[in-house]
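Thanks for making time this morning.

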Amino acid sequence: MLKSGRMSGDEMNPAAVAQAVVDVQGDDRWMSQHTRFVLECKDAEPEVLFIGDSMVQLMQQYEVWRELFSPLHALNFGIGGDTTCNVLWRLQNGELDNIWPKVAVVWVGTNNYEHSAEQVAGGIFAIAQLLTSRLPKTKVVVLGLLARGERPNPLREKNAAVNGLLRSLLPQLGQAQFLDVGEGFVHSDGTISTRDMFDFLHLTSAGYRAIAKPLSDLLLQILEETPEERRASLV
């Protein structure tokens with residue numbers, strides 16, 4: 001069983017080790033995006049912070065972001081290709097400075113190809129733990145990893161296992177909760193449609209609309225709570 005960033009037997013979980021992306025292409029793209037996010041923190045007063053990989057990043061290209069999330073004073077700190085290690089590094093290096101959101105939405109883990117389901121869940125838990133430590137008044141919503149691939153495959157099985165582990169782990173943090181937004185993407189014959197995921201991983205406009213409804217409902221519920229209700233719900 002994992003606890004925080006460590007696995008059973010006290011070995012360090014490699015998915016919970018903060019790590020910047022190596023600039024293989026020589027254009028400094030990842031670090032430039034991170035620097036831009038840090039600068040945004042100096043002036044922004046977000047009520048909601050989204051952080052994660054391309055699933056977060058691409059959301060803001062669709063109408064559903066402008067309709068449902070922009071009005072909530074949301075910041076989008078998504079970078080394509082990020083793993084739990086990269087998100088941890090970003091959060092430890094300025095992307096939480098000077099902001100006090102009421103809610104932080106975390107969606108990352110499907111790019112952790114080198115790690116086991118237990119390690120990925122531990123990495124996501126470490127991110128949630130960091131957020132609750134740095135932002136004790138902020139509620140953390142961790143989105144479940146989606147099924148991927150046109151037909152059943154090992155990555156789908158791993159993502160489902162990660163979600164199962166997160167359901168039991170996150171309540172330990174009190175102010176963190178798991179939200180499964182993957183219902184309906186896998187059809188009865190086990191396939192995923194390009195109507196929902198154009199490459200069987202990234203969401204189309206219809207796909208984002210499907211996940212946005214339960215997420216938007218939860219965010220509105222949290223944002224409408226009084227400080228007293230928020231504290232009581234954490235007990």
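Leaving aside its neighbours within four places in sequence, which residues is Ser216 in contact with? Before I answer, please keep in mind that what we are looking at is a predicted model.

Ser216 sits in helix H7, which covers residues 205–224, and, once the neighbours within four places in sequence are set aside, Ser216 is in contact with Leu68 and Phe69.

The largest pocket has a computed volume of about 320 Å³, and among the 17 residues that line it, Val21, Val22, Gln25, Arg29 and Trp30 are the closest to its centre. Helix H1, running over residues 29–43, gives the most to this lining, contributing 4 residues. If we sort the lining of the largest pocket by class, we find 6 nonpolar, 6 polar and 5 charged residues.

The second largest pocket holds about 260 Å³ of space, and 14 residues line it, with Gln19, Thr83, Asn86, Glu114 and His115 lying nearest its centre. How does the lining of this second largest pocket divide by class? There we have 6 nonpolar and 7 polar residues, together with 1 charged residue.

So, to go back to the opening question, the partners to look for on your screens are Leu68 and Phe69, both in contact with Ser216.

Methods
Residues are numbered from 1 along each chain as its sequence is written. This is a predicted model: local features need pLDDT of at least 70, side-chain atom pairs count only at pLDDT 80 or more; totals for chains, interfaces and linings use all residues. Side-chain values use heavy atoms; hydrogens and water are left out. On a 1 Å grid over the protein atoms alone, a cavity is a set of points where a 1.4 Å probe fits but cannot get out, and a pocket is an open set with protein on both sides within 12 Å along at least five of seven lines; lining residues have an atom within 4 Å of a point. Grid points are joined across faces, edges and corners, and a volume is the space filled by probe spheres set on the points. Helices (H or I, at least four residues) and strands (E, at least two) are DSSP runs, numbered from the N terminus. Ala, Val, Leu, Ile, Met, Phe, Trp, Tyr, Cys and Pro count as nonpolar, Asp, Glu, Lys and Arg as charged, and the others, Gly among them, as polar. Contact means heavy atoms within 4.5 Å.
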